[in-house]
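Subject: Handing over a structure

Hello,

Here is the structure I promised to pass on to you. Have a look at it first, and then read on for what turned up in it.

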2 protein chains.
Amino acid sequence: MSKATTAPPESAVELAQWLKDTDEVTIAAELDHLDVEPRTEIFRQLSPDRAADIFDYLEPAIQAQMLTAMDSGEAFALFEELEPDDQARLLEEFEPGQVATFLNILSPEDRTATALLLDYPAESAGRIMSPNFLALRADMTVAEALSLVRSEGEDVETIYFLPIVDEAGHLLGSIELESLVMAEMSDRVRDLEYLKSDSFSVRDDQEEVARYIQSADSIAVSVVEDDDTLVGIVTVDDAMDIIQREETEDIARASAVAPLGKPYFAVTSLQLVRSRIVWLSMLAIAATLTVNVLTAFEATLEQVVTLALFIPLLIGIGGNTGAQSATTIVRALAVDDVRTSDLVRVGLRESGVGLLLGGSLAIAAYFIVYFIFDQDIALVVSLTLVAICTLAALVGSLMPLIARMINVDPAVISAPFVTTIVDASGLIVYFMIATAVMGL
Amino acid sequence: MSKATTAPPESAVELAQWLKDTDEVTIAAELDHLDVEPRTEIFRQLSPDRAADIFDYLEPAIQAQMLTAMDSGEAFALFEELEPDDQARLLEEFEPGQVATFLNILSPEDRTATALLLDYPAESAGRIMSPNFLALRADMTVAEALSLVRSEGEDVETIYFLPIVDEAGHLLGSIELESLVMAEMSDRVRDLEYLKSDSFSVRDDQEEVARYIQSADSIAVSVVEDDDTLVGIVTVDDAMDIIQREETEDIARASAVAPLGKPYFAVTSLQLVRSRIVWLSMLAIAATLTVNVLTAFEATLEQVVTLALFIPLLIGIGGNTGAQSATTIVRALAVDDVRTSDLVRVGLRESGVGLLLGGSLAIAAYFIVYFIFDQDIALVVSLTLVAICTLAALVGSLMPLIARMINVDPAVISAPFVTTIVDASGLIVYFMIATAVMGL
């Protein structure tokens, strides 16, 4: 069976059949994609149990939209069914007043669990961990551990990953259910081969935790307070969501857009404008530098207007070369292929690559421009291509590394940012070469 | 414990201690990052067991590099220890001759398993599935199933995800170990609540499978041949790797770079040049359009050289606006927030956003240019900003959707591509507005 995405049918009869035949993940994906009204209407046709399951799979921003559109009884019932970590993520979408209302409907115990998560800083491991885990004691036998799993497994996030604690609740390590199932019933947990190192602090960065889970192929990791008290676990499915969210943010930043943090149609047009105007204005201000450079060379331009014809071509190619280098290095930094200690190595490599790219384009450009215009212009354009591509590759590759060094997210060294810088410096190079070659 | 990345120490004594104290995932990450020689040297200091475990965590391109550098005895021993799906992924890095050599050292059984995967097309589910799974029969009791898990669990990829088959090996569904552990020993597997729909065809796209695992929070999914014969499973850790690889590819394409498919330092400078020159040349050819446009307006330029001063600024802002829209829509398509059926809705929304962005910049630009230059130029620049931003946002948003419609990967509608198109059309708009306003 292939999971082709097909929109829910329009007719009431077909819709009822579709809702019966389609799995919950697919229904949730389709609902995510609809506008508030048709979404709520379809959602009302689901049985309460199925509605709760599907609600669980919706994007937090969509969940928040729906709860706001429902009457409070319906909304509270759906909210109560969520896990504490999912409640915390959903509450991030609300205004403070709404947060209090929703927290107040929870039982004191559940409220404490969810409020605890909200106390940790945004983007921290504490904020997204699940406080519903099953911890084993090191002196338990395997039989005791398995019976604990059977009696309490229903209420926890996962039974595949089991932290091991001492009497005071301090973390000793963790074990997977697999090891318990494969062991002898009379073995003690402490005698099994368990992992001692798989834990993170509540204050560690979410992305760091998620990338560790990915590279270690783990089911989950433990999260502890400063005194090593176990307070939660982060599971692999949370890790995947974190990575996707971080990637979406990085991609947005790479094109000078502030991350939306929500599905495209869940934000208003004005929010789209807001997410772009700041960077766009800053880039526009930086781009006024090109006006200054050209004003400085206005006399040269008046002498040889032909020089103006190649401005967009040359700075365009420079910008593209810089963007290629910048994006390659930003990504290599994100997946830890490249580090700040590689600065010199990367700079040499990329300027070499830029030189080769510029050189190849220059040879082609020389003959074409020579044929259509004249030898002087051909020489100026070719030499500028070599210089501009080398410069662009160097600037594009070093800027993300320098950003990381001064603790700025390298993803903000966006292609537009590099392009804008290369534009102004490329123009200076162009006119300097032109004045030299043409003797202006 | 935080997993801060620290390079392996230089001194032999400290290095030996570091190798003892550091977990395998971290050591692998550090090795991935070294050059071939120091990497192989450090690797040789590991005990054979630990070496094999760490080898498993290395990037396929790095594994291939190392095997090539080792003598064949060492190389074969490491290769043999890998799972069939990891072997298949590693062999993709080799030349056909090498592939045959490595396949030949395997036992006939293992060779069949690995060769089977290589027979499926690249990027398909069949290529990355694990053929080592544990299937249950529907008529087994829970006790029988658990005893099968205990006796054969060591040899399979995971025991948490258990496909269920009939006598002929046709897939009926799947169950998680959790359900078995929580059930009564005398229950029959077929009477437990098992999932009937979690399966994909061997020919389905890897990314589709991975995104499903992510949205369904699954541990794994089954993979079947056309007649529903179960042939493998894809696990969540494979899904994470696939998504990361696909994201890296998309990000590369978004800046007009052919995906490398390997860590940055695992490719040569010439390979970097090759990955960029094709797109860069195509963009350069497209950019010659700007030379044509400017040549057509050369007389106008000669009359008012001041017009040339604003060319980089205006096309720069247009390019950035287009890149913002394009990147937003490419990402929204990738995560299924936007679909081709939303074409009109997206086009209207983005041109509105572009109009607002251009309008805001135009107001600021009018006063600044009026103050420094004159009213005519101020009017031309402002009107051009409005037009160019609206056009750029529209083109940038629609091109990825149109690409998807004609079955081209929307990620190739890169920011540089949009920028280059906007450059040429923006210049035409600029000179048309200039001739109209200034009566040229």
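Leaving aside its neighbours within four places in sequence, which residues is A:Val165 in contact with? They are A:Ala135, A:Arg137, A:His170, A:Leu171, A:Leu172 and A:Leu230, where contact means that the C-beta atoms, placed from the backbone, lie within 7 Å.

Before going further, a word on how to read this. It is a predicted model, in which local features need pLDDT of at least 70, side-chain atom pairs count only at pLDDT 80 or more, and totals for chains, interfaces and linings use all residues. Residues are numbered from 1 along each chain as its sequence is written, while chains are lettered from A and ligands numbered from 1 in the order in which they are written.

On confidence, chain A averages a pLDDT of 89, and 99% of the residues score at least 70; pLDDT is the predictor's confidence in each residue, from 0 to 100. For the complex, the predictor gives an ipTM of 0.83 and a pTM of 0.85.

Back to A:Val165. This residue lies in strand β2 (residues 161–165) of chain A; helices (H or I, at least four residues) and strands (E, at least two) are DSSP runs, numbered from the N terminus. A:Val165 is buried, with 20 other C-beta atoms within 10 Å. A residue is called buried if 20 or more other C-beta atoms lie within 10 Å of its own, exposed if 12 or fewer, and partly exposed in between. A:Leu230 is 65 residues from A:Val165 in sequence, and the two are 7.6 Å apart in space, C-alpha to C-alpha.

Now for the two chains together. The contact takes 96 residues from chain B and 96 residues from chain A. On the side of chain B that touches chain A, the largest share, 15 residues, comes from helix α15 (residues 269–296) of chain B. By class, that side has 52 nonpolar, 26 polar and 18 charged residues. Here Ala, Val, Leu, Ile, Met, Phe, Trp, Tyr, Cys and Pro count as nonpolar, Asp, Glu, Lys and Arg as charged, and the others, Gly among them, as polar.

How are the copies related? The same surface serves both copies, as 99% of the contact residues of chain B recur in chain A.

Finally, the cores. In the largest nonpolar core, of 142 residues, A:Leu385, A:Val418, B:Leu385 and B:Val418 touch the most other members. A second, separate core of 129 residues includes A:Val149, A:Val202, A:Val221 and B:Ile128. Such a core is a set of buried Ala, Val, Leu, Ile, Met, Phe, Trp, Tyr and Cys residues joined through C-beta atoms within 7 Å.

Methods
Contact = placed C-beta atoms within 7 Å.
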